Amino acid sequence: MVVAASAVVVIGTVTGMLSALDDGRGSDEARPDVTSSPLLQPLPAVPTPLPPSPSTTSASASSSASKAGPSPKASKSASPKPRNGPASVRLYRHTDSQVLDWVRANRDDPRRPVIESRIADRPSAVWFADYTPSNITARVRAVTSAGAAKGSVPVVVPYAVPNRDCGGASQGGAPDLGAYGGWIDKFAAGLGSGEVVVILEPDAIAQSDCLSEGRRTARFAALARAGRVLKAANPKARVYFDAGHSDWNSPRQQAGLLRRAGAASAASSDGIFSNVSNFNRTGDEVAYVRRTLDALGGPAGLGAVIDTSRNGNGAPADGEWCDPAGRKLGQAPTLRTGQARIDAYLWVKLPGESDGCRGAPGTFTPDYAYDLAR
């Protein structure tokens, strides 16, 4: 069985994108030093040929790059009743991002109206992908406090686990698990007391097969602790653990890994996430995360979030992962999915940031963004 994780390129420290549905273009706020979303470089995977879910926005649907691995079949079993989501249903729209910088600087560009309305005005996550203990609390607080002030829900991504990306293109993170624990403590201190969604360490569980059994066990213990620390710091924080995606590990295999990492414990976890920076169709991911949750066990309230940022046309048939042609934006970010056990559709990957083929890795690339959005 071939299993490949996304390789990620993180270049320097630039501003990530965060925005909110139903939130107007707000006044200028403090500009946190935030890291751009990483870029995936998975091996080819063949997408499951299910029809796309209907889009909830006028923007065409899209997804992101798939990792290689077995494609689990959708479960036909009955779904549990929907669970309650956050009290607020508005995702925070931050006023600072690479795409907004481009929009402001290119008012006369003919691509600007489409990019602005379909990407820049949508909510996306903020990634914190550099190990910076000295300022991480302030940087996280700048995002969460701004969201709280507007009564909306930010999405933040801590991404600094040691031996990140198995030493691949996205290698980096904290120097060791002890340092990582300290960084997480400081990250948690910035969460405030309002509602916030935390996407905890993409690929850290699904892509752990490069570690020895001892190091994998230690990583999973660190992730379980991270979940507990984040939730203890802010009881309104909703913390989700890495479930890979539907073309990677089987639901039962992934559930076993998640259980070891604390994802079945209400003290650490609110559930799982899938499809981050990948292109698999929403319907495939819904079936996959439900089967994974069933296999995981734990409290009935555990749910899932799915990255729909670039999955509108599903994964490319040829398995291309690097800014593949023909992809489209996916379903609009929302905390109201209408799907049992699916807490949110989120844009975790920042649409328009290149994987390294249409532009420099991690940089906003207007031609790519326009192709995704039109």
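Which hand does the link of cysteine 322 and cysteine 357 have, right or left? With 120 degrees about the S-S bond, the link is right-handed. Before going further, a word on what you're looking at: this is a predicted model, where local features need pLDDT of at least 70, side-chain atom pairs count only at pLDDT 80 or more, and totals for chains, interfaces and linings use all residues. Residues are numbered from 1 along each chain as its sequence is written, and side-chain values use heavy atoms, with hydrogens and water left out.

**The chain as a whole**

- The protein chain comes to 8 helices and 7 strands; helices (H or I, at least four residues) and strands (E, at least two) are DSSP runs, numbered from the N terminus.
- Of its 374 residues, 60% count as buried; buried means under 20% relative accessible area, exposed over 50%, and partly exposed in between (1.4 Å probe, protein chains only).
- Take the contacts (heavy atoms within 4.5 Å) between residues at least 6 apart in sequence: 79% of them join residues at least 24 apart.

**The disulfides**

- There are 2 disulfides in the structure, a disulfide being a pair of cysteine sulfur atoms within 2.5 Å.
- Number the bonded cysteines in sequence order and the pairing reads 1-2, 3-4.
- Cysteine 166 is joined to cysteine 210, S to S 2.0 Å. The torsion about their S-S bond is about -85 degrees, so this disulfide is left-handed.
- That pair links distant parts of the chain, 44 residues apart: cysteine 166 sits in the loop between strand E2 (155-158) and helix H4 (177-189), and cysteine 210 in the loop between strand E3 (196-200) and helix H5 (213-233).
- Cysteine 166 counts as partly exposed at 28% relative accessibility, and cysteine 210 counts as partly exposed at 40%.
- The sulfur atoms of cysteine 322 and cysteine 357 are 2.0 Å apart. Cysteine 322 lies in the loop between strand E6 (303-307) and strand E7 (342-346), and cysteine 357 in the loop between E7 and helix H8 (366-373), so the pair ties together parts 35 residues apart in sequence.

**Helix H6**

- Helix H6 (residues 251-260) has these buried residues: Pro251, Gln254, Ala255, Leu257 and Leu258. They cover an arc of only 165 degrees around the axis, which puts them on the same side of H6; the arc is that of the directions from the helix axis to the C-beta atoms.
- Those buried residues pack against H5, strand E4 (237-242), strand E5 (271-274) and helix H7 (282-296).
- After H6 comes glycine 262, with a positive phi near 90 degrees.

**Serine 170**

- Look for serine 170 in the loop between E2 and H4. Serine 170 counts as buried, at 1% relative accessibility.
- C-alpha to C-alpha, serine 170 is 9.6 Å from alanine 129 in space, though the two are 41 residues apart in sequence.

**The second largest pocket**

- Lining this pocket are 17 residues, of which Thr144, Ala148, Ser193, Gly194 and Glu195 lie nearest its centre. A pocket is an open set of points on a 1 Å grid over the protein atoms alone, where a 1.4 Å probe fits, with protein on both sides within 12 Å along at least five of seven lines; lining residues have an atom within 4 Å of a point.
- Helix H3 (residues 136-149) gives the most to the lining, with 5 residues.
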